[in-house]
Amino acid sequence: MNGGSLGLRTGSNGSLQSIKTGNGRLLHSKSFGSARKNSIMMLSGSREKERSLPSVRYRCLGRRKVSMLLLVALALLVFVLGSFVVSKVSNSPTVDQRIGTMSMAHYLNGARNEANSVNGGDGNRFQVSASKGANHPCANFTFPPPPPPNLRRIGPRPCPVCYLPVSQAIASMPSSPSESPVLHNLTYVHDENPIKTEPHGGSDFGGYPSLKQRNDSFDIKESMTVHCGFVKGSQPGHWTGFDFDESDLEELQQFHEIIVASAIFGNYDVIQQPRNISEEAKKNVPFYMFIDKETEADMKNKSMFDDSKRVGLWRIVVIHNVPYSDARRNGKVPKLLLHRIFPNIRYSIWIDGKLQLVVDPYQILERFLWRENANFAISRHYRRFDVFVEAEANKAAGKYDNSSIDAQVDFYKKEGLTPYSEAKLPITSDVPEGCVLIKEHIPITNLFTCLWFNEVDRFTSRDQLSFGIVRDKIMAKVDWHINMFMDCERRNFVIQAYHRDLLENMPPPVAVIRRPPALPNINVHRRNQGRRIPRHGRDRRSGLRHHRRASAGPPTMYNFSLQFPSPKTSKIITLIASMATTVAGAAARNLLKSCRLLPQILHGQILGRSNATANLNNIAKDHHQIV
């Protein structure tokens, strides 16, 4: 049998042209009789209808429908053009993006020697300091190349940081304090009866400095006396507000090379234990955690600490007579005024209570202070560089009441604060990520944190808003800088946890209980394996619809205890059971719920095939594609 004996189909209409007979004569379609002729005429008529259908449809559309089609086409064109413009704008770097990638580019290209010329001589923000030279073990360290834009993960992430081994980091500690530019002697205001004389904010604890006193404090001199909290009492922590126990006062006066400090007020956070701390640091670096009475009561209720006042590495210091009703504002006291609480220390690392320290303190100080010839380090915000943008973000997030934020920003605008731009380089940001402060305690850094605290005491507690104005005013008077490192580097040595209220309001994980149904043993006899249960036409299709409508409940793995005389049959039912936990096996899962249908499954009747193995293979193919 060849193709000529069956006829040739032309186009998509499927009409038969002619058929060859055995003697080679052509038998045309008209010789098939009247019935065949009528069918051909019907086909011809259908072809004519199909040819004329487009013109009929066009006539039936009408002007209104044509207008609607044109509007839809126009809207689609506008959408495509708008998407193109948005894509073009998003791909063009903004000022923030150019600044963010600039510092990364110096690392990626290894152009550390060029940083000085690009950044006006302040190259230590982007390179290993010149004093360490090319012999420093991290001199050749570079960041890995960033992933393509379409593969970057959304949100901030840590990046690699080159730390020295702990022993080498300890050996690199400077033997003498850094020199404080201009300012050599700093003392603090003491006033037992502070009086508020101006409408601006302030507190008894801060002493209500006037605007004139505030402005004079930015005039850097060799000797200065400024407001810096703790204005009452004989010494900080003794009848000053923010008071300590007598035993704690004695300990806080002791000399330490390095301390690590944190605080939890208002039971706002869950205490985090440091990790990866060397034995040298455990022996020589004390870890202090400041808490208020509310947090103390909760910790004692959970038996977290006793009279030893220790929780893991943390030495607990309980605060009495907190000066503010706002727990977050109370936390600014130890954060910014550690030099007043610990008058005899050289270096401090402050971390917020929600953070967990995961790198040794010696390594952190070597990386961000000693290697950079810096005496104050803080990470810049991972996304925002402009105070005005930060203020709007704080308002949108409800961090503080909008009127107070607006009043603070307006005050700074009158003092000359401008939006951040490239004209401020080598300053890379006006907005810090202020949850970590790394500081050498010398007069100029102590002055900086005093004046920063005064802004927090006068205006809002959002210290990100006041950081830039204080830094710029001091840098305008003296040759001093702050090491504002990248936030991804900060995320390398601290891990951020959730605040307590978020942790407590998180829904508990859902436990999935799998309860396999009790299935009776089913004996399938050999005499039934070759028989078919007929189901034809509407009955077969209705059976399909019935089982497709069966609800597929949560994924469940069914356990079977079946006795089949045929190994082939056992493999088939095992395959169905394995697929019952997938979306592709929904049909099989529904069928397995009814034990009486198992014989029909095995014989391929339910799914409409005579070969059960081929039927199951098709399901397995669907299963493979989905997985």
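Counting the bonded cysteines of the protein in sequence order, they pair up as 1-3, 2-6 and 4-5. A search through the whole structure turns up three disulfides, a disulfide being a pair of cysteine sulfur atoms within 2.5 Å. The model is a predicted one, where local features need pLDDT of at least 70 and side-chain atom pairs count only at pLDDT 80 or more, while totals for chains, interfaces and linings use all residues. Residues are numbered from 1 along each chain as its sequence is written, and side-chain values rest on heavy atoms, with hydrogens and water left out.

Take the link of Cys138 and Cys162, with an S to S distance of 1.9 Å. Both cysteines sit in the loop between helix H4 (115-118) and helix H5 (166-171), 24 residues apart, and the pair links distant parts of the chain. Helices (H or I, at least four residues) and strands (E, at least two) are DSSP runs, numbered from the N terminus. The torsion about the S-S bond of Cys138 and Cys162 comes to about -75°, so this disulfide is left-handed.

Next comes the bond between Cys159 and Cys488, whose sulfur atoms are 2.2 Å apart. Cys159 belongs to the loop between H4 and H5 and Cys488 to helix H17 (residues 487-493), so the pair ties together parts that are 329 residues apart in sequence. With a torsion of about 70° about the S-S bond, the disulfide of Cys159 and Cys488 is right-handed. Cys159 and Cys488 are both buried.

That leaves Cys228 and Cys450, joined by a disulfide with 1.9 Å from S to S. Cys228 is found in the loop between strand S4 (223-226) and helix H7 (246-252), and Cys450 in helix H15 (residues 443-458), so this pair ties together parts 222 residues apart in sequence. The link of Cys228 and Cys450 is left-handed, with -80° about the S-S bond. Cys228 is buried, at 0% relative accessibility, and Cys450 is buried at 0% too.

Methods
Buried means under 20% relative accessible area, exposed over 50%, partly exposed in between (1.4 Å probe, protein chains only).
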